[in-house]
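I opened this notebook to record what I looked up in a two-chain structure. The entries follow the order in which I worked.

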Amino acid sequence: MTAKIAYDDVEVGTELPARSFPVNRATLVQYAGASGDFNPIHWNEKFAKEVGLPDVIAHGMFTMAEAIRVVTDWTGDPGAVVDYGVRFTKPVVVPNDDQGAVIEVTGKVGAKLDDNTVRVDLTVTSGGLKVLGMSRAVVRLA
Amino acid sequence: MALDQSFVGRTYPPTDPYEVGREKIREFAEAVGDANPAYTDPDAAKALGYADVIAPPTFVFSITFKAAGQVVQDPQLGLDYSRVVHGDQKFAYRRPVRAGDRLTVTSTIEAVRSMAGNDILDIRGEVHDESGEHVVTAWTKLVARAAEPVESVEATDGKA
């Protein structure tokens, strides 16, 4: 494994480059096909509203997949991720318009651990609301 | 109806092998908009020390969640699947999933709880490759919402 960031070059509090990830209905249809999760709450507005949601929502696993990109883009090597966990706290509501929704992700080093690993704490929001909680990854650096 | 506590610790038989294909990884990486060449270019993956293209970190969920279906749909457990949402998800990786892997999943019920009428189920999926090497562990928390509306419960991801 060959992460492009060196353990010695980061400190607790080091910020990772923030990213914004757009998501629209087409994104969700594509993710449904790729992941095999065809739950209609992710593409059928009528169904979503019938089960009490405000509108179609993004797959939680889609949001989780986007959030870790802040870490994998930083290290270069996606295989350097040792550990990754999130809590799904709020849905990412995706309206059927030209804009869709945007998932905003920031990350910073929360702790330096053994074996050249660091814990990255991620903050993941959409429309100003925190959509993932306890979002943390452990990644092995060079 | 509260779930039966005696299911805690129950382990289900390993799934049939899932063969990870390069094109399936490419499809997943494109769906999440990730252009990292380690997902699509074998040479780029080799430069990082891998035998073939690797999968994005959350790719394996498609496999472990399907395996968790054994638990979710176990008629003896009696989970109301139509009310299930995804609460938490965690992975611990021994190595990345790569093209050519033939992965089996062994699912175990780690915890069963009832809170405010919601049934909460923690499932651990241990993923092994064809040689028996451990690849990744996935923990999935599923919440079957109470049959009657409960004020304090917010809609979370409707992973069902």
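I then asked which elements of chain B supply the side that touches chain A. Helix H1 (22–31), helix H3 (61–72) and strand S2 (84–93) of chain B each supply at least two residues of that side. S2(B) gives the most, with eight residues. By class, this side of chain B has 17 nonpolar, nine polar and ten charged residues. Here Ala, Val, Leu, Ile, Met, Phe, Trp, Tyr, Cys and Pro count as nonpolar, Asp, Glu, Lys and Arg as charged, and the others, Gly among them, as polar.

**Entry 1: Ground rules.** I recorded that this is a predicted model, in which local features need pLDDT of at least 70, side-chain atom pairs count only at pLDDT 80 or more, and totals for chains, interfaces and linings use all residues. Residues are numbered from 1 along each chain as its sequence is written, chains are lettered from A and ligands numbered from 1 in the order in which they are written, and side-chain values use heavy atoms, with hydrogens and water left out.

**Entry 2: The chains.** I looked up the elements of each chain, where helices (H or I, at least four residues) and strands (E, at least two) are DSSP runs numbered from the N terminus. Chain A has four helices and five strands, and from the N terminus on they run β-α-α-α-α-β-β-β-β. Chain B has three helices and five strands, in the pattern β-α-α-α-β-β-β-β along the sequence. Taken along the principal axes, the C-alpha atoms of chain A fill a box of roughly 50 × 30 × 25 Å, and those of chain B a box of roughly 55 × 30 × 20 Å.

**Entry 3: Extent of the interface.** I found 36 residues of chain B in contact with 43 residues of chain A, contact meaning heavy atoms within 4.5 Å. The area buried between the two chains is about 3,100 Å², of which carbon and sulfur atoms give 51%. Buried area is the accessible area (1.4 Å probe) that two parts lose on being put together, summed over both.

I counted three salt bridges between chain B and chain A, each a side-chain nitrogen of Lys or Arg within 4 Å of a carboxyl oxygen of Asp or Glu. In one, A:Asp83 is joined to B:Lys90, with the closest N and O atoms 2.9 Å apart.

**Entry 4: The sheet.** What is the order of the strands in the open sheet of ten strands? I read it as S1(A)-S3(A)-S4(A)-S5(A)-S2(A)-S2(B)-S5(B)-S4(B)-S3(B)-S1(B), with antiparallel pairing. The edge strands, each pairing on one side only, are strand S1 (15–23) of chain A and strand S1 (18–19) of chain B. Two strands pair if DSSP finds at least two bridges between them.

Where the chains meet in the sheet, strand S2 (residues 81–88) of chain A and S2(B) pair antiparallel over five bridges. There, A:Asp83 has B:Ala92 as its bridge partner, and A:Gly85 has B:Lys90.

Within chain A, S2(A) and strand S5 (residues 129–140) pair in the antiparallel sense over six bridges, and A:Arg87 stands opposite A:Gly133. Within chain B, ten bridges join strand S4 (residues 118–128) to strand S5 (residues 134–144), which run antiparallel; B:Glu126 has B:Thr137 as its bridge partner.
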